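Please open the model in your viewer and keep the sequence panel beside it. The stops below each begin with something to select.

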Amino acid sequence: MALARNSDSEEHLHSTFASRYVRAVIPRFKMPDNSMPKDAAYQVISDELMLDGNPRLNLASFVTTWMEPECDKLIMESVNKNYVDMDEYPVTTELQNRCVNMIANLFHAPVGEDEAAIGCGTVGSSEAIMLAGLAFKRKWQQRRRAQGLPTDNPNIVTGANVQVCWEKFARYFEVELKEVKLSEGYYVMDPAKAVEMVDENTICIAAILGSTLTGEFEDVKTLNDLLAEKNAETGWDVSIHVDSASGGFIAPFLYPDLEWDFRLPWVKSINVSGHKYGLVYAGVGWIVWRTKDDLPEDLVFHINYLGADQPTFTLNFSKGSSQIIAQYYQFIRLGFEGYNNIMENCMDNARRLREGIEMTGKFNIVSKYIGVPLVAFSLKDSSKHTVFEIAESLRKFGWIIPAYTMPADAQHIAVLRVVIREDFNRGLADRLITHILQVLKEIEGLPSRIAHIAAAAKTAKMSLEDIAKYWKRLVENKRNIVC
């Protein structure tokens, strides 16, 4: 008599590695016909994920890669809550509102009978920037229509150093992007040139507090003053948005006297990434408007099919609550003192790394002392080897460090960039310096790739234009900035 056999999903495995699942082809294009035991499914996926890089050695990214176990526990306890269902999860909604209040206070939002900041949580700064841009565009359209003027040609002024999400906003929402070009040695937006580019169709100027390229803070105070003069001369009402995705949780603690936020009257909205120096895992950003009037009411939707009237202004609908709760945990756990200590530690470790890189004698430092804690540096002599070779060689030690070219008009400058996060300590900084020295010694003993390419070009009778195109393709393929 034949024995009944358990289904695959009910099969008990004494050892996953002694089972048939470790020799089966892993599904890639079609859902498998049968189930597999949960421990086998876990093991198969876990084994593949071992080939990913180590997040803590990913020095390309600004995004948080470590949180305390207590916060990890809170995240797992709330991972099944859909944030958008505010009526069902009112306490989570209250925690979001508390976070907005704390951030608005940190950014010196005005408080009075007729003034109250308004904001919300977002899925990172990209969504926050889309929402801010839409609010500026709608306000500009309303003003133009009230004056009987056309609304078909809006533009936004930024530096060429802006993160790609600004290009996405311009393309997706049909706004002309007017970029202030960079120059060698000056890798942020020039406020005077930015104000010169403003016209009657400009919906706002976007300033960056913490450039992705070099970590530098743009001069928002000068921008505000020059723009105030232009608005007074022309009668226009062009305002400023500050993209503080990286710097918004750094400046209030390390540079409290720096005026970049709502202390400046023409700053109308600010975004910041909770998942960067807000010290929360990936998936949370924040947008705050100076007053309720700066967010047009007709952009806010009201729904009632989840149980009560709920105002919402987002590009998506459902999203998890975990990161909102984690942000509130960090605020009350660390407080001003804790954030200040962490940011000071990051800056100290950045200085140590900077000093070690300078001591090699091989690099120029292009990042500044004031800004986001990172070190961006270029080779003094790129005639034989490139920063791309160095980035590639450092990967054998586990380090993920991006090499990239600057935007127009400084695209001939190629740099490496190391982002210092909370979990990057002095010991890791010293080890990285040692590995950079080792890589420099190794590549100096290798034949020059540049000379090889030049020789091949001569043999193939390539023109200078062909060689330039080759290098451009090579650089584009190796651009791996992660934000």
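## The second largest pocket

Begin with helix H3, which gives the most to the lining of the second largest pocket, contributing five residues. As you go, keep in mind that this is a predicted model. Helix H3 (90–106), strand S1 (118–122) and strand S9 (310–312) each supply at least two residues of that lining, so select these elements together, because helices and strands are taken here as DSSP runs numbered from the N terminus. The second largest pocket has a volume of about 580 Å³, and of the 28 residues lining it, Gln-96, Ile-118, Gly-119, Cys-120 and Pro-311 are the closest to its centre.

If you look for disulfides, the structure holds zero of them.

## Helix H11

Next select helix H11, residues 426–444, whose 19 residues reach 27 Å from the first C-alpha to the last, close to the 27 Å expected at 1.5 Å a residue. At the N-terminal end of H11, show the side chain of Asn-425, which caps the helix by placing an oxygen 3.1 Å from the backbone nitrogen of Gly-427. Then colour the buried residues of H11, which are Ala-429, Leu-432, Ile-433, His-435, Ile-436, Val-439, Leu-440 and Ile-443. These buried residues pack against helix H9 (322–359), strand S10 (363–365), strand S11 (374–379), helix H10 (387–394) and strand S13 (414–419).

Move to Glu-422, which is found in the loop between S13 and H11 and which, at 28% relative accessibility, counts as partly exposed. Leaving aside residues up to four places away in sequence, Glu-422 touches Trp-66, Leu-279, Ile-342 and Cys-346. Select Glu-344 too: this residue is 78 residues from Glu-422 along the chain, and their C-alpha atoms are separated by 9.9 Å.

## Arg-354 in helix H9

Finish on Arg-354, which lies in helix H9. How does its relative accessible area class it, as buried or exposed? The value is 10%, so Arg-354 is buried. A polar atom of the Arg-354 side chain lies 3.3 Å from the backbone oxygen of Ser-367, and, not counting residues up to four places away in sequence, Arg-354 touches Ile-365, Ser-367, Lys-368, Tyr-369 and Val-375.

How values were computed
Residues numbered from 1 in each chain as written. Predicted model: local features only at pLDDT ≥ 70, side-chain atom pairs only at ≥ 80, totals over all residues. Heavy atoms only, no water. Helix = DSSP H or I, 4+ residues; strand = E, 2+ residues; numbered from the N terminus. Expected span 1.5 Å × (residues − 1). Buried < 20%, exposed > 50% of the residue type's maximum accessible area, 1.4 Å probe, protein only. Contact = heavy atoms within 4.5 Å. Polar contact = N/O pair within 3.5 Å; in protein donor to acceptor, adjacent residues only side chain to side chain. Disulfide = S-S within 2.5 Å. 1 Å grid on protein atoms, 1.4 Å probe; cavity = no way out; pocket = protein on both sides within 12 Å on 5 of 7 lines; lining within 4 Å. Points joined across faces, edges and corners; volume = space filled by probe spheres on them.
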